[in-house]
Amino acid sequence: MVPNKFNKKILKRNLTAYAFCLPWFIGFICFTLFPIIFMFAVSLTNRKLNGKSSFVGFSNYAAMFQSPTFWNSLKITIFFTVIMMAVTTVWAVIMAMLLNHKQKLNGIFQFFYFIPSVVPTISLAYAFRTIFGKDAGLLNYVISMISGKNTSINWMYDPHTVYLVIFFITLFTYNTGQMMLVFRSSLNDVPRELYEACDMDGAGALRKFTMVTIPMISPIILFNSVTGCISALNGSFALLYPLTGENGDPNGMTQVLSLLIYKEAFSNMKVGYASALSVILFLIACLFGIIIFAFSKKTVYYEN
Amino acid sequence: MRTLKGKKRSAEILIFILKILVAFIMFCPIIWVFSGSFKDLAEFTTSPGIIPKKPTLENFSYIFNNSNYFIYIKNTVLLMVLTTFGTLISSSLVAYPLARMNFWGKNVIFAIIVGTMMIPNIALIIPQYIMFGKMGWLDSLLPMIVPAFFAYPYNVFLFRQFFRSIPKELDEAATIDGCNKAGVFFNVLVPISKPVFVTIGMLSCVFWWNELTQPVFYINSDKWRTLTIALMTTFMYTSGNAFVINWPSIMAASTLMIIPPMVLYLFGSKFLVGGIKTSGLK
Amino acid sequence: MKKEKIFALVSFAALTGSMFSGCGSSSNGKTNSSSNAGGKVTIAVWNEPNTNEELNMYAQCEKKTGIDVEVTVIPESDYSSKLNQMVSTGDDSIDIYVVWENDIANFAHENGIVALDDYLSKSSIKTNDFIDAVEKLSSGLGGTYGLPWCAATELLYYNQDMFDAAGIEYPDNNWSYSDFKAAAEKLTKKASDGSTEIYGCTLPNTQTWWAGIGGAGDQVYDPSTGKLVIGDGAVSFVTDCLNMVKSGIMPAPSSDTADLFAAGKAAMSWQGSWNIGTYGSKLSFNWDIASIPTNKIKYNTLHTGFYTINAKSKNKDNAFKVIEYLMGEEGQTINSKASGNPSAIKSIADKGAWKVESATTVENWDAITDSLNAGVFGYTCLPSGVTNNAVSEFNSALLGQKTPQQAVENALKYANETIG
């Protein structure tokens, strides 16, 4: 028998802890758990934007799986997320390594490298829409000046260049800047001795990078790239909606799921169908979440 | 020996040039926005040069005279301040027992918090939209402000990571002095954690200053538009023709929006950069 | 007990949140008029009001009625969706909605807007004098729920200087589609490297695509089923455009948004009649208008919006006073003068206020009456997601990503999926 007094003490401690957790508990139930359940429920109705709805079973899902627009969008979502993760990670490592190379003015360089991350994405999107314009875009103008020929590449609408442009623009999102700073500090944590040992072997810079740097920061790379996936899923709307519109021009090549959800809910007023799409997006996010947990075990991240 | 030194120096120069090049690429869009805000529409859509041919302040006066610019600023600042205030209080409270106490279900709660961090907001926005509609909160800032008072998982996570790094002896000393758990939190942890409050506060401010997605879904009328929404609505089109985008006015409004985060970085880079650096690590 | 402190904090947090529910419905800076004793009415529209005070019907309305009129501009791309949201949530911040063709029936059925019959019986507005198409669209609702604010159409705008230089006769209202294509080809000017300097015609915009498709023989919108009806006509029109893009007569779809016609880089353009008011005397060349060239049939899309009163409005009486002014002779005249759109009330339209004074080079005013006669309510009755998706498909055909046939099929498929 546990003494009564002891029991009381534990109970009190637990209650205190729960009292502290109360805001999260309410928030989780009201703004996360309930919406998730509600989303599944709404996805089984033909709810319209005006609130009228009736139960239709799984017909939203049936319609969705037959819709080429949906399959295209699903494909684009995964493609966009994975490629964005890859290019932003590589770019962040490049910037971090440049900044970690001890030279004068590194503080100023960091300002320039990081500032695009904290300015509004929508401003950047509009800036790039005009930089990559066809007849009056900055880039075509610069190319014309350099080459001496009149250049009018249709950057944003040419199927060959649109992804080039979109992924270039993702280099300017918050995610990249964040990763760059994280890489800066983790690169600094790589023990000097390892590099010195390489020097003694007469290894070149590239070899040092592949043999020491990459393995040493690989846990961070993994973690960052997967969290990058999540911010790509989440941030794609704010970036692409002002850039290519709800139809993901040209030819739906940039229509990620979040754009399609917005379009179905607000342009076509099909909230029930948009909920079914949201369920899919939610499941994709869960999938990435599971991947994060799988990776995090290796990185000794949650050392409870 | 000399050639090796010479090689090293040229490598240094090369790296420096590379740095300048990257800086130029990263800053280019911002320069473009600044320069565009001083052009008129005809120049903007015909001659793309960085230096405006006949600089004009028309775009700025257009913004101030033809829109409720100060209402947009008021809304944005209100949103920014209240969400930040809310999330600092609630998230730090929740993070405390997770970092410093043992209680039943702690690991489950923490796992759920980390799990919900992974759910992109956009996946739940449709059900939340319907829910807030039922509560009569649409077309106001409430759908964004109220959840902030109930702890954002990401911020809870950041606070927890920081609290764990503070030596436990401090708590014990305070407990011996007669403080209970709440006393320890307010008298010991909060004063010592000022830097992390500043950091998370700054990150939150930057986020809400730039946030587009949620206002796009929740805001309808002019009186609750934030600056980001105004950018894609009020400043977007020229009067009369819905197909001609008023780029210079967008650029001028963007310029005004870009400057505050830049200033914040200049004065608070210690907190901002330091905070982000640790956010991805343990 | 320190625990109380925590609970106090939490409840404070919750309270602070709830405090801001309806806070600060602050005054609108746009209408700086001295606060009138007559109350305030808010109106939602998608166009910026005219910057010239004399041509701003809302400003004039304030003067005449003594009611403050506050204008909330919601951009066209979001307009229908935002209005639907406001109606579904019972928003009361807007008193007068200017409702589009595709929404008015729904709003009426949902009781989001009020029947105006009681007001109209005591009013001077001539409801029996609307043009036929308007009458048809608003019949069957069991009452009058909205009053058309104007009757706009689509027109061919052309640069007279370029026609003179090329020695081509100006288009008239009976111009055929083949005349148009031939002229567009002749008017195109190429640089030495083969790129186009001056286009024969601009690309159709999201509105005039449908004029072309309707003209090529498709029904576009079937009022009995509410569906998009396109087929051979759309294929042939998209193919024509594709050929013109390929040969540099029309520009390819791009992210550029400059008005090529206004910039003097395109000789012709199909656009809404309201651009007459926008262009006015601002263009640096002589220009005129004509009916959209007649292909298989003479087709024109009518555009309007309906003044309606929000069922949740707290100022219904004042709102109707404002509508009464805007629908009256003076309000309609100012609207016509500012925009170039005729009134939907025949006796007022007949007076010709829509012959925009500043558009001094325009002579062919008959084009407007001619277009009105050919006008039907078409694509505007469909959900905007469907029509925008279709235009996106057409554009990808012009970029060579798919054949016109495929583009039309996809557009139709998506429309059927969506409308159900």
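Colleague: At what angle do helix H8 and helix H10 of chain A cross, and how far apart are their axes?

Modeller: Helix H8 (residues 174–188) and helix H10 (residues 205–244) of chain A cross at roughly 165 degrees. Their axes come within 10 Å. Axes are lines fitted to C-alpha atoms, for helices over the stretch in contact, and angles run from 0 to 180 degrees between N-to-C directions. Helices here are DSSP runs (H or I, at least four residues), strands likewise (E, at least two), numbered from the N terminus.

This is a predicted model: local features need pLDDT of at least 70, side-chain atom pairs count only at pLDDT 80 or more, and totals for chains, interfaces and linings use all residues. Residues are numbered from 1 along each chain as its sequence is written, while chains are lettered from A and ligands numbered from 1 in the order in which they are written.

Colleague: So how are H8(A) and H10(A) oriented to each other?

Modeller: Roughly antiparallel. The classes are: under 35 degrees roughly parallel, over 145 roughly antiparallel, 65 to 115 roughly perpendicular, the rest oblique.

Colleague: What hand does the crossing of H8(A) and H10(A) have?

Modeller: Right-handed. That term applies if the near helix is turned clockwise from the far one by less than a right angle; anticlockwise is left-handed.

Colleague: Which residues in H8(A) and H10(A) meet?

Modeller: On the H8(A) side, A:Asn175, A:Met179, A:Val182, A:Phe183, A:Ser186 and A:Leu187. They meet H10(A) residues including A:Ile217, A:Ile220, A:Asn224 and A:Gly228. Contact needs C-beta atoms, placed from the backbone, within 7 Å.

Colleague: What about helix H9 and helix H10 of chain B, how do they pack?

Modeller: Helix H9 (residues 168–176) and helix H10 (residues 181–192) of chain B pack at about 120 degrees, with axes 10 Å apart. That angle makes H9(B) oblique to H10(B). The contact uses B:Leu170, B:Asp171, B:Ala174 and B:Thr175 from H9(B). H10(B) supplies B:Gly183, B:Val184, B:Asn187 and B:Val188. The crossing of H9(B) and H10(B) is right-handed.

Colleague: Back to chain A. How many helices and strands?

Modeller: Twelve helices and zero strands. Chain A is more spread out than a compact globule, because its radius of gyration is 25 Å, well over the 19 Å that the globule rule gives for 304 residues. The radius is taken over C-alpha atoms; the rule is 2.2 Å times the number of residues to the power 0.38. The C-alpha atoms of chain A fill a box of roughly 75 × 60 × 30 Å along the principal axes. Of its 304 residues, 49% count as buried. Buried means 20 or more other C-beta atoms within 10 Å of the residue's own, exposed 12 or fewer, partly exposed in between, with C-beta atoms placed from the backbone.

Colleague: Is A:Leu277 buried or exposed?

Modeller: Buried, because it has 28 other C-beta atoms within 10 Å. A:Leu277 is in helix H12 (residues 271–298) of chain A. Beyond neighbours within four places in sequence, A:Leu277 contacts A:Met64, A:Leu257, A:Leu260, A:Ile261 and A:Glu264.

Colleague: And where is B:Thr234?

Modeller: In the loop between helix H13 (227–232) and helix H14 (247–279) of chain B. B:Thr234 counts as buried, with 26 C-beta neighbours inside 10 Å. Leaving out residues up to four places away in sequence, B:Thr234 touches B:Ser67, B:Arg225 and C:Val73. B:Asn66 is 168 residues away along the chain, yet the two C-alpha atoms are separated by 9.0 Å.

Colleague: What does the secondary structure of chain C come to?

Modeller: It has 17 helices and 14 strands. The C-alpha trace spans about 85 × 55 × 45 Å along its principal axes. Buried residues make up 54% of chain C.

Colleague: What is the mean pLDDT of chain C?

Modeller: 86, with 90% of residues at 70 or more. pLDDT is the predictor's confidence in each residue, from 0 to 100. Residues 1–36 of chain C are below 50; that stretch has 54 contacts beyond near neighbours in sequence. Chain A has a mean of 87, and chain B a mean of 88.

Colleague: What ipTM and pTM does the predictor give the complex?

Modeller: An ipTM of 0.91 and a pTM of 0.90.

Notes:
Two residues are in contact if their C-beta atoms, placed from the backbone, lie within 7 Å.
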